[in-house]
Amino acid sequence: MLDKYQLSLPVSFNLQHQSLCWALGYGAKIRAPHALVMTFLFRSGSLKDKLKAIAKATYTHSRNLAYFVFVYKGLQTLQEKIQGKTLQSHAFLAACLGGWLVFGENNNINSQINMYLLSRILFALSRLAVEKGYIPQPRKDPFPMFATLVWGIVLWLFEYYPHTLQPSLQSSMNYLYHDSNVWHDVTDFLIYNKAKAAAAK
């Protein structure tokens, strides 16, 4: 048993190292384009400040994903070695601890990631509940009602309680529903018109 465990250590280390690299690359690929667009569209300041913001967001996202993957896979491997088998609880417990350690800090990047995952798991849990028979299979597609409620609630919140929404969502909605009330010329379609609107005032 000990020999088997010792032989598996180099393999586990290599897999951890590979997962770490993949997480860093993946985080950079998905965060950098998003940060680039959002920063130049909504953020004011010099070009240097904007590039720093893009680099910081990309670094934070990539680092956090890499940390989480390292912790998650390491704890899964540890639990499997201790108990001699793989259990569903291993994934849950490892991810809980990783989430607390890595994504528990309340900042913009972690907030976006956690809310992204929340929407996905609510969908997944609903499907799982139907699959397991906990709730009956809907007779009609529930998606139209879902879309109705989502858009009704988010616009109600935006118009009357905007401070409750995430800043990036507020910026997007301001641009679509409020800033669009001011028209200058055709360049409004190409360049964010917030600065021009503010200058006009």
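1. Basis of the model. The structure is a predicted model, in which local features need pLDDT of at least 70 and side-chain atom pairs count only at pLDDT 80 or more, while totals for chains, interfaces and linings use all residues. Residues are numbered from 1 along each chain as its sequence is written, and side-chain values use heavy atoms, with hydrogens and water left out.

2. Overall fold. The protein chain has seven helices and zero strands, and along the sequence its pattern reads α-α-α-α-α-α-α. Here helices (H or I, at least four residues) and strands (E, at least two) are DSSP runs, numbered from the N terminus.

3. Surface and contacts. Of the 201 residues in the protein chain, 22% count as buried, where buried means under 20% relative accessible area, exposed means over 50%, and partly exposed lies in between (1.4 Å probe, protein chains only). The chain exposes about 15000 Å², of which carbon and sulfur atoms supply 66%; accessible areas come from the Shrake-Rupley method with a 1.4 Å probe, and for residues only the protein chains shown count as cover. If one takes the contacts (heavy atoms within 4.5 Å) between residues at least 6 apart in sequence, 46% of them join residues at least 24 apart.

4. Aromatic pairs. How many aromatic pairs does a search of the whole structure find? The search finds six, counting rings of Phe, Tyr and Trp (its six-membered ring) whose centres lie within 6.5 Å, with planes under 30 degrees apart called stacked, over 60 edge-to-face and the rest tilted. One of them joins Phe68 and Phe103, a tilted pair with 5.7 Å from centre to centre and 50° between the planes. This pair links distant parts of the chain, since Phe68 sits in helix α2 (residues 47-83) and Phe103 in the loop between α3 (88-102) and α4 (108-132), 35 residues apart. Both Phe68 and Phe103 are buried, and ring pairs link Phe68, Tyr72 and Phe103 into a cluster.

5. Phe143 and Phe146 both lie in helix α5 (residues 143-160), three residues apart, which is about one turn of the helix. Phe143 is partly exposed, because its relative accessibility is 45%, and Phe146 is also partly exposed, with a relative accessible area of 36%.

6. Packing of α5 and α6. Helix α5 and helix α6 (residues 167-178) pack at an angle of about 90°, with their axes 11 Å apart. The two helices are therefore roughly perpendicular, a label for angles of 65 to 115 degrees, whereas under 35 counts as roughly parallel, over 145 as roughly antiparallel and the rest as oblique. The contact involves Trp151, Val154, Leu155, Phe158 and Glu159 of α5, together with Leu169, Gln170, Met173, Asn174, Tyr177 and His178 of α6. These residues divide into seven nonpolar, three polar and one charged.

Key
Axes fitted to C-alpha atoms, helices over the stretch in contact; angles between N-to-C directions. Nonpolar A, V, L, I, M, F, W, Y, C, P; charged D, E, K, R; others polar.
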